[in-house]
Amino acid sequence: MKIKKIVVASTNEGKISEIKSIFKDVEIVSMGELGFKDDIEETGETFKENAKIKAETVAKRFNLPALADDSGLCVDTLDGAPGIYSARFSGEGPAANRKLLLKRLENNTDRVAHFESAVCLCMPDGKTYFGEGKTHGSILQEEIGTNGFGYDCLFFSADLKKSFGVASDEEKNSVSHRFRALEDLKAKLSSP
């Protein structure tokens with residue numbers, strides 16, 4: 001399938017740059033560049049459902065293929081929390097989210113976690129394609145590094161053997177959940 005242009009249902013520059021690095025032969029524009037400023041309510045119960053809601057909304061608005069991602073941090077001992085609520089875990093932003101996570105894991109030696117991502121490409125005719133990816137690791141005792149965003153400085157990557165907070169963008173992108181989900185989607189799009 002040959003796609004010339006994709007609208008990304010996000011204004012997150014980190015996500016957009018990651019998508020551009022994988023879909024090099026496609027024009028990638030953010031919904032913000034096209035004037036879409038509305039919040040899209042994420043009412044799904046899974047990453048996949050939320051990605052589809054966002055992609056469908058933007059595809060319908062612009063009559064163009066739209067790509068959305070929904071992702072988050074899942075901590076085993078917290079029954080997968082914060083999960084789909086990762087961005088609004090504390091209700092007070094990224095720093096408060098990290099603080100609440102550390103508080104919930106206080107005195108807990110089981111800190112196994114993974115980042116999970118679902119991406120959805122929605123075509124103007126309503127046909128949808130999905131990709132999914134995970135990256136495994138554990139939650140650190142304290143923040144290490146200032147690179148990345150969200151929970152990156154608390155996540156020790158099993159692949160990189162270091163915090164995402166000290167990893168370069170290139171290192172993180174090579175093993176990230178979003179990278180793996182986008183690669184999964186790209187493989188599905190190129191298969192007959």
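This dialogue covers the nonpolar cores and the strand pairing of a predicted model.

User: What should I know about the model and its numbering?
Analyst: The model is predicted: local features need pLDDT of at least 70, side-chain atom pairs count only at pLDDT 80 or more, and totals for chains, interfaces and linings use all residues. Residues are numbered from 1 along each chain as its sequence is written, and side-chain values use heavy atoms, with hydrogens and water left out.

User: What makes the 18 residues a nonpolar core?
Analyst: A nonpolar core is a set of buried Ala, Val, Leu, Ile, Met, Phe, Trp, Tyr and Cys residues joined through side-chain atoms within 4.5 Å. Buried means under 20% relative accessible area (1.4 Å probe, protein chains only). The largest such set here has 18 residues. F23, I28, L67, L121 and L185 have the most contacts inside it.

User: Which elements supply at least two residues each?
Analyst: They are β1 (5–8), α1 (13–22), β4 (112–122) and α5 (177–190). Helices (H or I, at least four residues) and strands (E, at least two) are DSSP runs, numbered from the N terminus. α5 gives the most, with four residues.

User: Which residues does L67 touch?
Analyst: Contact means heavy atoms within 4.5 Å. Among the partners of L67 are I6, F23, L121 and L185, not counting residues up to four places away in sequence.

User: Why are β4 and β5 called paired?
Analyst: Two strands pair if DSSP finds at least two bridges between them. Eleven bridges join β4 to β5 (residues 128–139), so the two strands pair. They run antiparallel. C120 has F130 as its bridge partner in β5.

User: How many bridges join β5 to β6?
Analyst: Three bridges join β5 to β6 (residues 155–157), also antiparallel. I139 stands opposite F155 in β6.

Key
Buried means under 20% relative accessible area, exposed over 50%, partly exposed in between (1.4 Å probe, protein chains only).
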